[in-house]
Amino acid sequence: MSDQAILRIEAVEKRFGAVRAVDGVSLEVGRREFFALLGPSGSGKTTLLRIVSGLEAPDRGRVEIGGTDVTRLPPYLRRIGMVFQDFLLFPHRTVAENITFPLKMQGRNAAEREEQLDWILGFVRMEGLGDRFPHQLSGGQKQRVALARGLVSRPELLLLDEPLANLDRELRKEMEIEVRRYQEELGIPFVYVTHNQEEALTMSDRMAVMHQGVLEQIGPKLEVYNAPATRFVASFVGAPNKLSGRVIEGEGERLRIDWGGITLIGRSVGDARQGDRAEIYLKSERIALSASADGIHHENRIEGTVRDIIFKGQFADYIVRADNEAELVVSGPPSIAGVDRGSRVNLGWAVEAADVFLAADDEP
Amino acid sequence: MKGRRALLLDPRVRFATLVGPGALFIVLFLLIPLLSIVVFSFWRTESYELISDWNVNNYEAVLGEWIYLKFLLKSLAMAAAVSAICLVYAWPCAYLIAKHGGRYKLVLVLLTAAPFLTGILLRITAMQQILGPIGLVNMALMELGAQPIQVLMYTNIASAVGLIYLWIPFMLLAIYLSLFNFNFELLEVAKVNGARPWRAFFEVTWPLNWMGTAIGIVLVFIPTFAASVTPRFLGGPDGSMFVNRLEHQFGSAGTWALGSAMGVVMCVASLAVIFVLWRTVRLRRAGFTGAGA
Amino acid sequence: MAAVNPGARFVIGGQTAMLLALYLFLYFPIFYTGYLSIMENNVWPFPPVFTGEWYDRLMIMSDFHVGLLNSVLIGVGTASLSTLFATAAAIGILRYPIRRRGVIVVLFLAPLFVAQILIGISTLMFNRNVLGIPGNIESAIVANTAYSVSFAFLVILAQLVRYDWRFDEVAQVFGARPFRTFREVTFPNIWPAVLGAFIISFILGFNNFEITFYNVAAIPTLPTIAWGTLRHGIEPELYALATIVNALVFLLLFIIYLLIRVGALRLGVPDD
């Protein structure tokens, strides 16, 4: 993997006054890889992307692109492509002029620019729109032009800064698939910054989760989703239930937790020990729900009453009040036989589904 | 080479490169000359030459002798009166344009600002042929067989009218720009909460636009206080102001040091006005949110 | 403004009357000057008798052509320097969030708060007694720039706050060096503001009297010619001169108005 890396970031730090925007981040992105950088706003992910692009200089650390140290190189010498938030198409230039801008800056001749333009317009399905001005385009078209401008010179690396953030849901879904296609067909590595976990999970091969300037976890997306390494990742990725309790006893990875009078078994992540206050993160879709006790075959089983059912289209959220008065959200099919408001139901989940962390205020 | 590129990335260097030349220019050709007259004001003049013989006689003359002090007070009074009139007149006009100007705001405002650019002397020429003894107003009155209006001919009133004519655009522009950034919906909030229109104006609109208004006052006060051409050509025999005395020192009298002291006194008086108004702005905590708002 | 009650309507009516009176006050003298400039009798020009004599006399006035040329020189010089400094400073201030940039803004606006005559006499004194430079066109340009740069700065700043500097970043990421970025992206978007600042500072330099007067020694400019003439009472040639200058100023301002409209379109904001 290491010699395959197209982008290598080593111990990069950036402060803005007293704020550590990026605090000792190291990561590698391989050739042909779709890499997502996920984090809430203010987590430092955009600053990290700007450091990679050269728009911001790091205080410490190194950035390598294609084996060359570019840490001190200004953006215009890095030969990368970038897709910006809000598209940022030049308002005084046509679609064709916007797209061929990188080629023009690289000093390619007119014939070559024309050829590349025809190719990329076809590739992003924008044939015949080259003479339009940006304000004459729809949101989706602007997005395609922004992507075409980033890709036209076939850069070593394409950086994408929340490119779909300003599109409405419908269009975003369509563009997620489209962006994924560009990456697969061209084989250019993408570094995709987003605060939207759905986008990261849909498109990427690997992802990193960033929080307060620090990389919390990095790995294949399923691993990050299924086995969060830190409490922040557990709380940020997916839509988990958070159960507060106390560790009764622990044996290796398995912890026995007292959750308001109900005993549960969870997978220990971090270092909660006997007697510690603990938080269990439990993804709502990993809880089985059934009207009868026979339907549940998991190690953790509880009973409860359905307080409400929130219909979401392809699925529904069941708000279940457990016998200790705490509530859980369970995702399931829009209708389950014998389950309605007020029904008594049985819930169950695997030990691996319940990630146990030391509670926030017990940490050193 | 790498070192140079690293420098280029530093925003502080780029900022200095872009801002530096202009800033240096202003320091060299505005601030330093102004400071130089502070130095000269403590010297003395002998047969049209400055001599570095440090003394405070010039200030004793300017502030101690009634012939100078009288003109200073008169100039201050004139500037205060003209500023007040411009303020009272410009406010409703600016308010109308900002609130009800719609898509014509820009045109309406540019129309008030345009005459300012036609140049002081030519505007005074225009004023003279209207207010003067053989100007339009008096000629019309005489044609109609009425008496000419004496106060309009070469008096301090004529001078004040001329000054208002010259500087009211500044006041209007400053107030308008403030109102342009003012959220008129705040007034609705005040009214919904029971304030009558006038009450809402003095509780909300006026305090929130006081900073723009104060800037307008300063922008009118300073050039009015320092006006030389207008009183000279419209003010008549009693029209002479502090600045006309000052000009005299640089002209035929050739008393440069005394003139410098008068310039310093003018500068200090202007700064005092700015300071007082700035204090009121800070005290009122006007809803100023920054330049880009 | 749907539900306007009678009281509010009365207030708006009053304000409208005041504004119209203001326009009359500001413009009547200007148009009357134009009228007088083509009247044979300029004391009581009713009924009108047209003549072109005042313009003819102005044209053969010995100083007029020299004065016009000098005023244009001062205007162009002032405008060039002011626009250059103001554009660079406005870009620096808006683009780079340096902590103490407020100080620089105050410095660039400071000339607005200094009386012109003080600028005039202080530069005269400084040039004469410290630098030993006699009054000439160049020192008039320098002194006028020290004043006009504030106006140029305001005009540019007011429009540039709406420019999105990320466009420059886009250009740099795609390989444009700083100068290329300015040429290809920044300038094509901000030129209306720059030209607007140039025109405003040209007019200020061209028409300036109080600063220019103390810095040009005996070299004639249009305002100093007007001053010299005014001292001996109004000559009808002044009406012709005023009318020509006013027409020029209004033509230039109309261009600025068009520029603001173009600028608004360029920067992608609604044009009010």
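**Strands in chain A.** I began with strand β1 (residues 5-16) of chain A, which pairs with strand β2 (residues 19-30) of chain A in the antiparallel sense over nine bridges. For me, strands are DSSP runs (E, at least two residues), numbered from the N terminus, and two of them pair if DSSP finds at least two bridges between them. The model is predicted, so I took local features only at pLDDT of at least 70 and side-chain atom pairs only at pLDDT 80 or more, while totals for chains, interfaces and linings use all residues. Residues are numbered from 1 along each chain as its sequence is written, chains are lettered from A in the order in which they are written, and side-chain values use heavy atoms, without hydrogens and water.

I looked up A:Lys14 and found its bridge partner in β2(A), A:Val22. Two residues lie between β1(A) and β2(A) in this hairpin, and A:Gly17 in the turn has a positive phi of about 60°. β1(A) also pairs with strand β4 (residues 60-65) of chain A, antiparallel over five bridges; there A:Ile9 has A:Val63 as its bridge partner.

**Domains in chain B.** Next I turned to domain 1 (1-41) and domain 2 (57-280) of chain B, with bounds from an automatic or database domain assignment. Their C-alpha centres lie 34 Å apart. Four residues of domain 1 are in contact with seven of domain 2 (heavy atoms within 4.5 Å).

Methods. Helices (H or I, at least four residues) and strands (E, at least two) are DSSP runs, numbered from the N terminus.
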